[in-house]
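Please keep the sequence and the model in view while going through the numbered points.

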Amino acid sequence: MLLCTAALSACAKSSANIEASYVSPALYESMSCKQLSDEAQRVASRANTVAGVQDKNATRDAVATTAAAVIFWPAAFFIGGNGTNATELASLKGQLETIQSVSEQKKCGLTFRTVDPNKV
């Protein structure tokens, strides 16, 4: 039981469960609406890539946790946890939120949509 509890706390979170980190608006306030649009597209593209990796990590960790708890305890050593990928994703989500906020303040008229990766 202790192994299972420890293993579950180390599992990577799915991308949807990673909260955005704070990003200062000062990084984007001097950008034009066109620059904000371009930056939002670049950040969103990278965020989609990182989210895919994070979700693969979460799936891998869930499988390893199940194997460790049910079948073979050394499988617990294959649980990777969150680490740098989750940190990057939190930063990218924060950048997108800040770009959206700055674009709204500047009345750029940019549209930001959230896409469910399970429906793509």
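This is a predicted model: local features need pLDDT of at least 70, side-chain atom pairs count only at pLDDT 80 or more; totals for chains, interfaces and linings use all residues.

**Notes on the model**

1. The largest nonpolar core has 17 residues, and those that touch the most other members are Ile18, Tyr28, Leu36, Leu89, Leu92 and Ile99. A nonpolar core is here a set of buried Ala, Val, Leu, Ile, Met, Phe, Trp, Tyr and Cys residues joined through side-chain atoms within 4.5 Å. Helices α2 and α3 each supply at least two residues of this core. In soluble globular proteins, nonpolar side chains tend to be buried together.

2. Residues are numbered from 1 along each chain as its sequence is written, and side-chain values use heavy atoms, with hydrogens and water left out.

3. The chain contains 3 helices and 0 strands, and its elements run α-α-α from the N terminus on. Helices (H or I, at least four residues) and strands (E, at least two) are DSSP runs, numbered from the N terminus. The accessible surface of the chain comes to about 7900 Å², and carbon and sulfur atoms account for 58% of that surface. Such areas come from the Shrake-Rupley method with a 1.4 Å probe; for residues, only the protein chains shown count as cover.

4. Of the 120 residues in the chain, 33% are buried. The classes follow relative accessible area: buried means under 20%, exposed over 50%, and partly exposed in between (1.4 Å probe, protein chains only). Among contacts between residues at least 6 apart in sequence, 83% join residues at least 24 apart; a contact means heavy atoms within 4.5 Å.

5. Which residues does Tyr28 touch, not counting residues up to four places away in sequence? They are Val23, Leu36, Glu39, Gln95, Thr98, Ile99, Val102 and Lys106. Two of these, Leu36 and Ile99, are also listed with Tyr28 among the core residues that touch the most other members.

6. With residues up to four places away in sequence left out, Glu39 touches Tyr28, Met31, Gln95 and Ile99. Glu39 also forms a salt bridge with Arg42, with the closest N and O atoms 2.7 Å apart. A salt bridge is a side-chain nitrogen of Lys or Arg within 4 Å of a carboxyl oxygen of Asp or Glu. Both residues lie in helix α2, 3 residues apart, about one turn of the helix. Arg42 is partly exposed, with a relative accessible area of 46%.

7. The structure holds 3 salt bridges. Side chains of opposite charge can pair when their charged atoms come close. One of the bridges joins the side chains of Asp38 and Lys34 (2.9 Å, N to O). Asp38 and Lys34 both belong to helix α2 and are 4 residues apart, about one turn of the helix. Asp38 is partly exposed at 35% relative accessible area, whereas Lys34 is exposed at 56%.

8. Another salt bridge joins the side chains of Arg46 and Glu88 (2.8 Å, N to O). Arg46 lies in helix α2 and Glu88 in helix α3, so this pair ties together parts that are 42 residues apart in sequence. Arg46 is partly exposed at 38% relative accessibility, and Glu88 is partly exposed at 28%.

9. The model has 1 disulfide, a disulfide being a pair of cysteine sulfur atoms within 2.5 Å. Cys33 and Cys108 form this bond, with their sulfur atoms 2.0 Å apart. The pair links distant parts of the chain, 75 residues apart: Cys33 is in helix α2 (residues 33–71), and Cys108 is in the segment after α3 (83–105). Why is the disulfide called left-handed? The reason is that the torsion about the S-S bond of Cys33 and Cys108 is about -75 degrees. Cys33 is partly exposed, with a relative accessible area of 29%, whereas Cys108 is buried, at 17%.

10. Finally, Ser15 is found in the loop between α1 (2–10) and α2 and counts as buried at 7% relative accessibility. Ser15 and Asp55 are 40 residues apart in sequence, while their C-alpha atoms are 5.8 Å apart in space. Not counting residues up to four places away in sequence, Ser15 touches Ala51, Gln54, Asp55, Leu89 and Lys93.
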